[in-house]
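I am opening my notebook to record what I looked up in this structure, beginning with the chain as a whole and then going on to single residues.

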Amino acid sequence: MQWGGRGEIHFMTARMMTENARRPDPAERPSVPVDAAALDHLTDELLSLLSQGGPDRPSLKAVMESLERNVIAHNDMGLSIFSGADNVVAGNFIGTDITGNRALGNGGGIGIEQGVLRTRIGTNADGVSDELERNVVSGQGGIPGTGSVGIGIGGIDTVVAGNYVGIGANGTTPLGNANYGVWVTGTAVGTRIGGTHEAERNVVSANGASGIHLVGGSGTTILGNFIGTDVSGTLDLGNSGDGVRIDNSSGNTIGGTVAGARNIISGNNSDGVELRGISASGNVVQGNYIGTTVDGMGSLGNAQNGVSI
């Protein structure tokens, strides 16, 4: 099953539509000569509006793209998946209004329950409409008795790729979830958050607790994400807790040996990475920038330790 979608628009261009006006049928010559230069100008203006929009109005392309999007807000839970396999959640605004830049909130954003197999949240990075597959999962909270987590994972082989968690659709507005951005529970196995392809990068920032929190479970990989910054990797939108926190969880990998696996873990209000608990064994932290900007040159420190064990 798939929630959301990726918008595509196909239309005859204005230039094509005006072509006949420039070369009328000889039997139907207009009484007024056609000004080809003026038509070119009008064509360019129309194409600009179709593709880019104008002041205070979205482009037609943006409107069409939004038609497949679910806007899910102010519910006890935005989306819960209790069973099944190979579900896809792509291209939705969960916890925001239709612009994706103002919080309306659910009690919690997305919940993947124990035993659910191979859920994909976000893009498959196949190069086709990858950006349109991005979910904005932000602004959860404010409903008493709820967990206020952006994405909660208890399933098997879940992939979270290419999403904004805690920020607006513009990539810069802080719209933190009141609790963790991504919470991986003890029943989860084989979770992947991010990836080595740029399109798979999650931005997990401005949340009310840690950006990513692993509690029990095993085998999570966290690759290529911006955790605590804006979409550019240069501005501080730190999570209120750690960037990544691992509690009694084993066999996890944060980063990797290739550049695409590097996480930027900076600007957070506690530690960049914290590992705690007697069962937090066999974890690997390598190849990340912790406390710097995306280029590794600028200062964007976490408030406490870079890595705490």
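Before I read any surface value, I note that accessible areas come from the Shrake-Rupley method with a 1.4 Å probe. The model I have open is a predicted one.

Entry on the whole chain. I find that the protein chain exposes about 13,800 Å², of which carbon and sulfur atoms supply 53%. Of its 309 residues, 46% are buried, and its secondary structure comes to 3 helices and 24 strands. I also looked at contacts between residues at least 6 apart in sequence, and 78% of these join residues at least 24 apart.

Entry on a sheet. I traced an open sheet of 8 strands, which runs in the order β2-β5-β8-β11-β14-β17-β20-β23 with parallel pairing. At its edges I find β2 (71-72) and β23 (289-290), each of which pairs on one side only. I reminded myself that strands of a sheet pair through backbone hydrogen bonds, either parallel or antiparallel. Looking at one pair in detail, I see that β11 (residues 164-165) and β14 (residues 203-204) are joined in the parallel sense over 2 bridges, and that V165 has V204 as its bridge partner in β14.

Entry on the cores. Which residues have the most contacts inside the largest nonpolar core? I find I110, I151, V182, I212, I222 and V244, in a core of 29 residues. The elements that give two or more residues to this core are β3 (79-81), β6 (110-112), β9 (151-153), β12, β15 (212-215), β18 (244-247) and β21 (273-276). Another core, of 8 residues, lies apart from it and includes Y164, I167, L237 and I264. Going back to V182, and not counting residues up to four places away in sequence, I list its contacts as I151, I153, V165, I193, G211, I212 and H213.

Entry on A169. I located A169 in the loop between β11 and β12 (182-184). Leaving aside neighbours within four places in sequence, A169 is in contact with F93, T99, G100, N101, V136 and Y164. A169 and N101 are 68 residues apart in sequence, yet 5.7 Å apart in space from C-alpha to C-alpha.

Entry on a surface patch. I noted that V285, V307 and I309 form a nonpolar patch on the surface, with about 300 Å² of accessible area together. V307 is in strand β24 (residues 307-308), and V307 counts as partly exposed because its relative accessibility is 40%.

Key: Residues numbered from 1 in each chain as written. Predicted model: local features only at pLDDT ≥ 70, side-chain atom pairs only at ≥ 80, totals over all residues. Heavy atoms only, no water. Pairing = 2+ DSSP bridges. Helix = DSSP H or I, 4+ residues; strand = E, 2+ residues; numbered from the N terminus. Patch = residues over 30% accessible without salt bridge, like charges linked within 9 Å, V, L, I, M, F, W, Y side chains within 5 Å. Salt bridge = Lys/Arg side-chain N within 4 Å of Asp/Glu carboxyl O. Buried < 20%, exposed > 50% of the residue type's maximum accessible area, 1.4 Å probe, protein only. Contact = heavy atoms within 4.5 Å. Core = buried A, V, L, I, M, F, W, Y, C linked by side-chain atoms within 4.5 Å.
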